[in-house]
Structures are given as structure tokens and as C-alpha cells.
Amino acid sequence: MQLLIMRHGEAGWHTLDQERELTEAGRFHVAEAAAQIAESPWRPKLIWSSPYVRARETSAIVSEILNCAIEEKQFLTPDDDPGLCFDALLENQASPLLIVSHMPLVGSLSTLLVDGHRRGIPFMTSQAVLLDMPVIGPGCADLKAQFLP
């Protein structure tokens with residue numbers, strides 16, 4: 001399986017974290033990263049998105065550029081357990097799949113799949129990584145590419 005993991009674009013301030021919207025710079029950087037993915041051999045067939053506004057906006061921009069469907073997943077919010085996403089990946093048939101979520105989840109999910117632990121690596125806003133997994137399991141993925149705005 002090939003899995004792209006992307007952090008949402010830069011977001012502005014809001015009293016409710018889940019309602020934060022992308023800034024103009026955030027929209028621009030998401031489009032830049034999506035254009036790089038579009039030029040790569042790893043165009044996703046499906047996007048899984050966090051239900052938070054900034055992730056939904058990021059997913060919509062990426063979906064428009066890559067022409068792929070979006071499914072909202074409740075287990076992709078910032079403080080969710082990466083194990084929930086891991087369990088869903090075991091049931092998934094789409095590959096490449098793109099996940100759009102938040103820190104710290106994107107970092108902890110990436111390190112769970114690559115290194116077998118959940119300490120997490122930092123992600124810039126709008127950054128995406130490509131993981132290649134012959135088998136879905138902790139420590140079974142290889143980091144193949146990065147997409148930076």
C-alpha cells in the first residue's frame with residue numbers, strides 16, 4: 001500500500017479549534033503541495049479527511065487538483081490515537097490513499113508506520129509524505145518522498 005500523509009494548511013485563529021479556517025497563504029501552500037503530488041507517480045485514489053474545518057478545506061483544494069473523492073473520518077482529529085487510523089488502514093482497499101489531518105496525529109501515525117513507535121516527527125503545515133508499505137504494520141513502511149510547499 002502507498003499512503004500519503006498530509007498536514008492541513010496554515011490556519012487562522014478561532015475560539016473553537018475545530019472551526020479554524022485556512023489563511024490565504026495556507027490555501028496557496030496546499031495548492032503548491034497538491035500540484036507536486038499531481039506530478040508524481042503517487043496520485044491518490046481517495047482522500048481521508050479530518051472533520052475539522054481547516055482539514056476539510058485542505059482536502060477540498062487537494063481533491064480539486066487531483067480529481068479524487070473525499071471521505072471524512074472522525075478518528076483523524078489532532079489528539080486521536082494513531083492506532084484508530086492504523087486499524088482503519090487494515091480495512092482499506094484504496095492505494096495510494098491520502099490522509100489529511102493535524103499535528104500531533106500526522107507525526108505519530110508516520111512514526112508508528114515507519115519506526116514502530118508513536119513519538120512523532122514534526123510536520124510543517126501543507127507538508128505531505130509518501131509511505132510505501134508492502135504490509136500494513138508498525139515499522140513496516142518506508143518513507144519514499146516528501147512534498148513541501
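What is the order of the strands in the open sheet, and is their pairing mixed or of one kind? I looked this up in a predicted model. The open sheet has six strands in the order E3-E2-E4-E1-E5-E6, and the pairing is mixed. I noted that strand E3 (69-72) and strand E6 (142-147) stand at the edges. Each of these two has a single partner strand, so one side of each has no neighbour in the sheet. From one strand to the next, the twist averages 25°.

**Entry: pairs of strands**

I reminded myself that strands of a sheet pair through backbone hydrogen bonds, either parallel or antiparallel. Then I checked two pairs. E1 and strand E5 (residues 128-132) run antiparallel and are joined by five bridges. In this pair I found Ile5 opposite Val129 of E5. E2 and E3 pair in the parallel sense, over four bridges. Here Ile47 stands opposite Ile70 in E3.

**Entry: the two faces of E2**

In a regular strand the side chains alternate between the two faces of the sheet. I looked at E2 with this in mind. Leu46 and Trp48 lie on one side, Ile47 and Ser49 on the other, and all are buried.

**Entry: helix H2**

Which strands does helix H2 lie across? I found H2 (residues 53-66) across E1, E2, E3 and E4, running at about 170° to E2. H2 has 14 residues. From its first C-alpha to its last it reaches 20 Å, close to the 20 Å expected at 1.5 Å a residue. I listed buried residues of H2, among them Val53, Ala55, Ile61, Val62 and Leu66. Arg54 of H2 is also buried. The buried residues of H2 pack against E1, helix H1 (24-39), E2, E3 and E4. Just after H2, I noted that Asn67 takes a positive phi of about 55°.

**Entry: helix H3**

I turned to helix H3 (residues 82-91). At its start, a side-chain oxygen of Asp81 comes within 2.7 Å of the backbone nitrogen of Gly83. Buried in H3 are Pro82, Gly83, Cys85, Phe86, Ala88 and Leu89. I then looked up what they pack against: strand E1 (2-7), strand E2 (46-49), strand E4 (97-101) and helix H4 (105-115).

**Entry: Leu113**

Is Leu113 buried or exposed? Leu113 is in helix H4 and counts as buried, at 0% relative accessibility. I left aside its neighbours within four places in sequence and looked at its contacts, which include Leu3, Ile5, Phe86, Leu89, Leu131 and Cys140. I also checked Leu113 against Ala128: they are 15 residues apart in sequence, and their C-alpha atoms are 15 Å apart in space.

**Entry: cysteines**

How many disulfides are there? A disulfide is a covalent bond between the sulfur atoms of two cysteines. I took two cysteine sulfur atoms within 2.5 Å as the cut-off. By this rule I counted zero disulfides. Cys68 is in no disulfide, and the nearest cysteine sulfur, that of Cys85, is 16 Å away. At 9% relative accessibility, Cys68 counts as buried, because the cut-off for buried is under 20%.

Notes. Residues are numbered from 1 along each chain as its sequence is written. This is a predicted model: local features need pLDDT of at least 70, side-chain atom pairs count only at pLDDT 80 or more; totals for chains, interfaces and linings use all residues. Side-chain values use heavy atoms; hydrogens and water are left out. Buried means under 20% relative accessible area, exposed over 50%, partly exposed in between (1.4 Å probe, protein chains only). Contact means heavy atoms within 4.5 Å. A polar contact is a pair of N or O atoms within 3.5 Å; within protein, one must be able to donate a hydrogen and the other to accept it, and residues adjacent in sequence count only if both atoms are side-chain atoms. Two strands pair if DSSP finds at least two bridges between them. Axes are lines fitted to C-alpha atoms, for helices over the stretch in contact, and angles run from 0 to 180 degrees between N-to-C directions. The expected span of a helix is 1.5 Å times one less than its number of residues.
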